[in-house]
Amino acid sequence: MNKQQSSEKAYIWANIDFDKVKHRIDAVTCQIERVIKKHEFSNQTGKSGKKNN
């Protein structure tokens, strides 16, 4: 009986943390997408025989 209570608590904490983390992940994802778009744009404009590895 005691074990079940503690696992329920852990589950609630995991949910709270996940909400916070999900918000962070969304923010980071937006930043990454912006960086990728910038790189794609600079690659398109500066493709004068220059190769990026």
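1. Buried means under 20% relative accessible area, exposed means over 50%, and partly exposed lies in between (1.4 Å probe, protein chains only). On that scale, Lys22 is partly exposed, at a relative accessible area of 40%.

2. The model is predicted: local features need pLDDT of at least 70 and side-chain atom pairs count only at pLDDT 80 or more, while totals for chains, interfaces and linings use all residues. Residues are numbered from 1 along each chain as its sequence is written, and side-chain values use heavy atoms, with hydrogens and water left out.

3. Of its 53 residues, 0% count as buried. Its accessible surface (Shrake-Rupley method, 1.4 Å probe; for residues, only the protein chains shown count as cover) comes to about 5,600 Å², with 57% belonging to carbon and sulfur atoms.

4. One salt bridge is counted (a side-chain nitrogen of Lys or Arg within 4 Å of a carboxyl oxygen of Asp or Glu). Lys22 and Asp26 form it, at 3.4 Å from N to O. These residues are four apart in helix 1 (residues 2-45), so about one helical turn separates them. Asp26 is partly exposed, at 38%.

5. Val28 lies in helix 1 and is partly exposed, at 40%.

Methods: Helix = DSSP H or I, 4+ residues; strand = E, 2+ residues; numbered from the N terminus.
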